[in-house]
Amino acid sequence: MSFFKKIFSKEKKETLDKGLEKSKESFFGKLTKAVAGKSKVDDDVLDNLEEVLVASDVGVDTTLKIIDRIEERVAKDKYVGTDELNKILREEIAGLLSKTNIGNETEFTIPEIPKKEGNKMPYVLMVVGVNGVGKTTTIGKLASQFKKQGLKVVLGAADTFRAAAIDQLQVWADRTDVPIVRQEMGSDPASVAFDTLKSAVNQDADVVIIDTAGRLHNKVNLMNELTKIKRVMQKVVDNSPHDVLLVLDGSTGQNAFEQAKQFTKATEVTSLAVTKLDGTAKGGVVIGISDQFQIPVKYIGVGEGIDDLQVFNKVEFVDSFFK
């Protein structure tokens with residue numbers, strides 16, 4: 001099937017395969033049990049498959065869509081053997097993901113931002129997410145990847161709620177050798193964001209990544225804070241932030257769906273990063289989140305290493321998950 005033409009380099013593909021290994025083994029272990037003793041895909045097999053998909057954190061709504069698609073195939077083809085189920089699943093999930101224009105990238109790229117008064121303007125990425133999901137690590141790895149592409153990066157430590165958050169970002173700035181703008185704990189986050197953008201413009205930077213506080217228990221405060229940060233940044237760079245990236249911990253399964261719901265209510269989220277997929281059997285969450293939120297999954301974390309943050313490519317993801 002031409003859909004599954006290889007796109008990634010051999011090394012990247014191996015990292016992705018390894019990162020999804022637990023999810024794949026768990027999924028196929030359950031799938032094998034679901035079709036045990038059956039030669040034909042019938043109602044019983046479909047019921048069992050539904051349970052397998054829900055248990056793999058694909059999510060109920062997305063699971064029902066997948067089952068509907070397979071039912072249509074079975075009705076049309078009259079006889080579908082259980083030995084074909086893996087291939088059909090792979091094709092139907094790929095088809096479902098291809099309905100949204102997401103997951104086509106293969107490299108870490110940024111769009112060009114229009115100049116302002118003749119000056120080059122940086123691409124501004126604001127990162128949101130609750131504490132503990134791998135937000136700071138994702139920022140550090142993104143900085144590293146953008147730098148590898150020859151881009152000049154500046155980090156902004158606008159999570160001033162926790163001293164640890166500022167220090168963690170400093171560690172990543174040192175590790176990746178990129179400049180960071182920071183203030184004391186308790187400083188106004190919008191002030192940090194403003195200073196970061198000013199500094200980035202003065203340095204002719206290409207990319208700015210702004211960290212923000214990960215508090216969800218008081219959504220109104222979070223909403224107000226993020227709105228203020230955006231408003232202040234726009235005084236320096238028009239239409240910034242150009243991307244609001246929500247980081248979700250893939251290992252939390254359904255809880256990641258809930259966090260996505262809450263954050264999309266608190267602010268406009270334009271892309272997603274799903275982390276920690278290597279340590280869990282819940283890789284199916286990427287399929288469900290891609291489908292349900294109609295917000296592009298841009299990046300996935302498939303390991304601890306600095307190069308183990310990958311651009312999400314639906315072709316490669318489905319191919320690794322189902323091969």
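How many bridges join β2 and β3, and in which sense do the two strands pair? They pair in the parallel sense, over two bridges.

Before the close-ups, a quick word on the model: it is predicted, so local features need pLDDT of at least 70 and side-chain atom pairs count only at pLDDT 80 or more, while totals for chains, interfaces and linings use all residues. Residues are numbered from 1 along each chain as its sequence is written, and side-chain values use heavy atoms, with hydrogens and water left out.

View 1. Helices (H or I, at least four residues) and strands (E, at least two) are DSSP runs, numbered from the N terminus. Two strands pair if DSSP finds at least two bridges between them.

**View 2. Strand β2, wrapped up on both faces.** Five of the five residues of β2 (residues 153–157) are buried, so the strand is largely enclosed by the rest of the structure. Buried means under 20% relative accessible area, with exposed over 50% and partly exposed in between (1.4 Å probe, protein chains only). In a regular strand the side chains alternate between the two faces of the sheet. In β2, V153, L155 and A157 point one way, V154 and G156 the other, and all are buried. On the β3 side, L155 stands opposite I180. With β4 (residues 207–211), β2 pairs in the parallel sense over five bridges, and V153 stands opposite V207 there.

View 3. Strands β5 (residues 243–249) and β6 (residues 271–275) pair in the parallel sense over five bridges. Contact means heavy atoms within 4.5 Å.

**View 4. Two phenylalanines, F257 and F293.** This is a look at one of the seven aromatic pairs in the structure. The ring centres of F257 and F293 are 6.2 Å apart and their planes are at 40°, so the pair is tilted. The pair links distant parts of the chain: F257 belongs to helix α10 (residues 254–266) and F293 to helix α11, 36 residues apart. For the record, rings of Phe, Tyr and Trp (its six-membered ring) pair if their centres lie within 6.5 Å; planes under 30 degrees apart count as stacked, over 60 as edge-to-face and the rest as tilted. F257 is buried, with a relative accessible area of 9%, and F293 counts as buried too, at 18%. Elsewhere, ring pairs link F27, F28, F312, F317 and F321 into a cluster.

**View 5. Helices α2 and α3 side by side.** Helix α2 (residues 21–35) and helix α3 (residues 43–55) pack at an angle of about 165°, with their axes 9 Å apart. Axes are lines fitted to C-alpha atoms, for helices over the stretch in contact, and angles run from 0 to 180 degrees between N-to-C directions. The two helices are therefore roughly antiparallel to each other; angles under 35 degrees count as roughly parallel, over 145 as roughly antiparallel, 65 to 115 as roughly perpendicular and the rest as oblique. From α2, F27, K30, L31, A34 and V35 meet V45, N48, L49, V52, L53 and A55 of α3.

**View 6. L46 and its contacts.** L46 sits in helix α3 and counts as buried at 5% relative accessibility. Leaving aside neighbours within four places in sequence, L46 is in contact with V41, I67, I70 and E71. L46 and E71 are 25 residues apart in sequence and 8.0 Å apart in space, C-alpha to C-alpha.

**View 7. Helix α12 under cover.** Nine of the nine residues of α12 (residues 314–322) are buried. What covers them includes α1 (10–19), α2, α5 (85–97), α11 and β7. Helices α5 and α12 pack at an angle of about 160°, with their axes 10 Å apart, which makes α5 roughly antiparallel to α12. The contact is made by N86, L89, R90, I93, A94 and L97 of α5 with K314, V318, D319 and F322 of α12.
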